[in-house]
Amino acid sequence: MDESEGRPVDRRGFIKDAAVGAAAFAAPGKLMADQTESHDHSHGHDHDHDHDHQDVPPDIALRVRALESVLVEKGMVTSAALDVIVDTYENRIGPRNGAEVVAKAWVDPAYRERLLADGTAAIGELGHLGGQGEHMKVVENTPEVHNLVVCTLCSCYPWPTLGLPPAWYKSSAYRARAVIEPRTVLSEFGLDVPEDVEVRVWDSTAEIRYLVLPERPAGTEDMSQEELAGIVSRDSMIGVARVEAPAGGPSGGDQ
């Protein structure tokens, strides 16, 4: 986890995740039943089993492989095109939605209050709800508290606001260590949290997803809401990074 952006999503993994998400949205009852039947309930844990474990039911997995093969064979899709789609969902659509939420909260105190009181409703005001993000809770970073989001059992993640989950978020190492040694994990991402700052770890479930409201960096007082959204990263909304003011002000540095 030495690179905060993690490894790129492989194309088959993207298509698989998209198929599962679409199937869950279209027929949640059937998909949940299929997953429940295929899941071994003999292991002991208290996590709710009405949960997307990202174990693709066999029929869907076969359909994904068949669809991928047909599209490639018929020349209807190329590797480059799939790369663009993956990049769009991983780095543009999802994270940009969350960044819009954060930036609005920074410039609009009334919206910030609504966001912290009822994340689902406030995010819905901007039209960023949907499958895998129906129930949202927003937790705010302050000088006294730093928040970190994880899903210890699998990889529950707010797709409508953050896009596709990065590979490291789904890894067993992150899921286990974020709870046991969060400060060490954060330091591996290059984020050193002072000892006098409390670290709170939030465990996402099938029932609720979390979004971190990062602290607004100093030196951004003259930036517009749109400019502020441009400096908010996906990782800062998970809690493994801070938002940094652009070098030289709004017009300086890379955004």
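This is a predicted model: local features need pLDDT of at least 70, side-chain atom pairs count only at pLDDT 80 or more; totals for chains, interfaces and linings use all residues.
Okay, let's start with helix α9, residues 172-180, where Tyr174, Arg175 and Ala178 are buried. They sit on the same side of α9, because the arc they cover around the axis is only 100 degrees.

The protein has 12 helices and 4 strands, and 42% of its 255 residues count as buried. If you take contacts between residues at least 6 apart in sequence, 72% of them join residues at least 24 apart.

Now, salt bridges; there are 7 in the structure. Take Arg112 and Glu140, whose side chains meet at 2.9 Å, N to O. Arg112 is in helix α5 (residues 109-117) and Glu140 is in strand β1 (residues 136-140), so this pair ties together parts 28 residues apart in sequence. Arg112 is partly exposed at 30% relative accessibility, and Glu140 is partly exposed too, at 25%.

Then there's Asp235 with Arg234, closest N and O atoms 3.0 Å apart. Here Asp235 is buried, at 1% relative accessibility, and Arg234 is buried at 4%. For Arg200 and Glu198 the closest N and O atoms are 3.1 Å apart; Arg200 is partly exposed at 37%, as is Glu198 at 41%.

Last one: Arg177, Glu181 and Glu188 are linked in a salt-bridge network.

Key
Residues are numbered from 1 along each chain as its sequence is written. Side-chain values use heavy atoms; hydrogens and water are left out. Buried means under 20% relative accessible area, exposed over 50%, partly exposed in between (1.4 Å probe, protein chains only). Helices (H or I, at least four residues) and strands (E, at least two) are DSSP runs, numbered from the N terminus. The arc is that of the directions from the helix axis to the C-beta atoms. Contact means heavy atoms within 4.5 Å. A salt bridge is a side-chain nitrogen of Lys or Arg within 4 Å of a carboxyl oxygen of Asp or Glu.
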